Amino acid sequence: MTEPIRIELPTIYGMKSVNAYLFLTPELTLIDCGEKTDAAWEALQTALGVYDLAIKDIQRIIITHAHVDHIGMAGKISAESGAKVWVNEYCYDWAVNTEEMWQHRTAMMEKHVLGDMPPGEEGATAAKMLRSFFGTISNVWDPLPAEKVITFPLEGTLEMGGTTWQIIYAPGHTNMQTCFYQVDKKWLIGADMLLSITPTPVIEFSLTDRNKRENGLAVMLESYQKMLDLDIDKVFPGHYEPFGNHRKLIHNQLRRIQLRKEATYQLIEEGKTRFYELFDVLYANRLNMPGMSMLRGYLDLLIDENRIEESMEDGYTVYRIV
Ligand SMILES: [Zn+2]
């Protein structure tokens, strides 16, 4: 069996590029596919051209998670090639009812991030940024027609590249993320679970209750444990270069999360009580969504540990030492 072929595609959202992976045989399969932009389309075409192939030859697309940089171009590729798009069962709604899901997620972001922004100009700027982010995402992400979508379970196996891969559910970065593990070669197609930088848990709603926010960072910590248990020789991540020694990487990232969580606690101890006050100290650039997600996560962990408590004062959420 041959390694998945890495294709780096440029992106607008998230990081500056995303990895798609290609299996040439027994059927031309693409894992993740970038955003629907001319630049990503051309980069994919060029990469396939090396093998005398074109986008119309793609037979199957498999999605690790339904974030715009991983699934956005699936509709366009599928329309050109007739390829079916395989998504796990938690991604199905995102793949097909994309706009409705975005509306829910926007509402959640507005409630949990904008609600805690300072009044006045700064809050207004943050609100504008968030809304324009959500507003333009649909330009680079086409919903898929239901008949093009095949769902796969969160546990079990998938045949790719002439061999069997275990499906590993790895929530945290998002609660709809799956990785794929090849046990003989000890390869992991890692999505955004294992990256050379610490993945951020996006602010999203719970799978069981769309009015509830998912406690993403706590879930991500559990998925890290799952990854530590796996014997992996090589990780094929969703972004940046493939790497080995995943346990060292995980331990470094866990240590950093621990340090940042303690820094958050200390600031609360020093009398900072509001989200934006904490964010201001912890992150140089306030209008930074990954940072907001991480701080949200540190606060969640501290609440879980019963070290701080969250309450409402004058219409704002405040945090205090227990
Ligand atoms: Zn990603």
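Biologist: What am I looking at, and how are residues numbered?

Modeller: Residues are numbered from 1 along each chain as its sequence is written. The model is predicted: local features need pLDDT of at least 70, side-chain atom pairs count only at pLDDT 80 or more, and totals for chains, interfaces and linings use all residues.

Biologist: Start with the open sheet. What is the strand order?

Modeller: The order is β7-β8-β9-β10-β11, an open sheet of 5 strands with mixed pairing. Strands are DSSP runs of E, at least two residues, and helices are runs of H or I, at least four residues, numbered from the N terminus. Two strands pair if DSSP finds at least two bridges between them.

Biologist: Which strands are at the edges?

Modeller: β7 (156-160) and β11 (234-237), each of which pairs on one side only. On average, neighbouring strands of this sheet are turned by 30 degrees against each other, direction ignored. Axes here are lines fitted to C-alpha atoms, for helices over the stretch in contact, and angles run from 0 to 180 degrees between N-to-C directions.

Biologist: How many bridges hold β7 to β8?

Modeller: There are 5 bridges, and the pairing is antiparallel, with β8 covering residues 163-169. Thr157 stands opposite Gln166 in β8. The hairpin of these two strands has 2 residues between them, and Gly161 there takes a positive phi near 60 degrees.

Biologist: And what does β8 do with β9?

Modeller: β8 pairs with β9 (residues 178-182) in the antiparallel sense, over 4 bridges. Ile168 faces Cys179 in β9.

Biologist: Parallel or antiparallel for β10 and β11?

Modeller: Strand β10 (residues 187-191) and β11 run parallel, joined by 4 bridges. Ile189 has Phe236 in β11 as its bridge partner.

Biologist: Now the core. Which residues touch the most other members?

Modeller: Ile61, Ile63 and Val85, in the largest nonpolar core, which has 76 residues. Such a core is a set of buried Ala, Val, Leu, Ile, Met, Phe, Trp, Tyr and Cys residues joined through C-beta atoms within 7 Å. The largest share of this core, 7 residues, comes from α10.

Biologist: What is Ile63 in contact with?

Modeller: Leaving aside neighbours within four places in sequence, Ile63 contacts Asp32, His70, Ile71, Ala74, Val85, Trp86, Val87 and Cys91. Contact means that the C-beta atoms, placed from the backbone, lie within 7 Å.

Biologist: Asp32 is on that list. Is it buried or exposed?

Modeller: Asp32 counts as buried because it has 26 C-beta neighbours inside 10 Å. The cut-offs are 20 or more other C-beta atoms within 10 Å for buried, 12 or fewer for exposed, and partly exposed in between, with C-beta atoms placed from the backbone. Asp32 is found in the loop between β3 and α1 (38-49), and has a positive phi of about 65 degrees although it is not a glycine.

Biologist: What about Asp52, buried or exposed?

Modeller: Asp52 is exposed, because 7 other C-beta atoms lie within 10 Å. It too is not a glycine and has a positive phi, of about 60 degrees. Its place is the loop between α1 and β4.

Biologist: Where is the cis peptide bond?

Modeller: Between Thr25 and Pro26, with omega about -10 degrees. Pro26 lies in the loop between β2 (17-23) and β3 (29-31).

Biologist: Switching to helices. At what angle do α8 and α10 pack?

Modeller: About 75 degrees, with the axes of α8 (residues 246-269) and α10 (residues 289-304) 9 Å apart. The two helices are therefore roughly perpendicular to each other. Under 35 degrees counts as roughly parallel, over 145 as roughly antiparallel, 65 to 115 as roughly perpendicular, and the rest as oblique.

Biologist: Which residues meet there?

Modeller: From α8, Arg260, Lys261, Thr264 and Tyr265; from α10, Met294, Leu295, Tyr298, Leu299, Leu301 and Leu302. They divide into 7 nonpolar, 1 polar and 2 charged. Ala, Val, Leu, Ile, Met, Phe, Trp, Tyr, Cys and Pro count as nonpolar, Asp, Glu, Lys and Arg as charged, and the others, Gly among them, as polar.

Biologist: Last one: which residues of α3 are buried?

Modeller: In α3 (residues 74-81), they are Ala74, Gly75, Lys76, Ile77 and Ser78. These buried residues pack against β4 (60-62), α2 (68-71) and β5 (84-88). Just after α3, Gly82 takes a positive phi of about 80 degrees.

Note on methods: Two residues are in contact if their C-beta atoms, placed from the backbone, lie within 7 Å.
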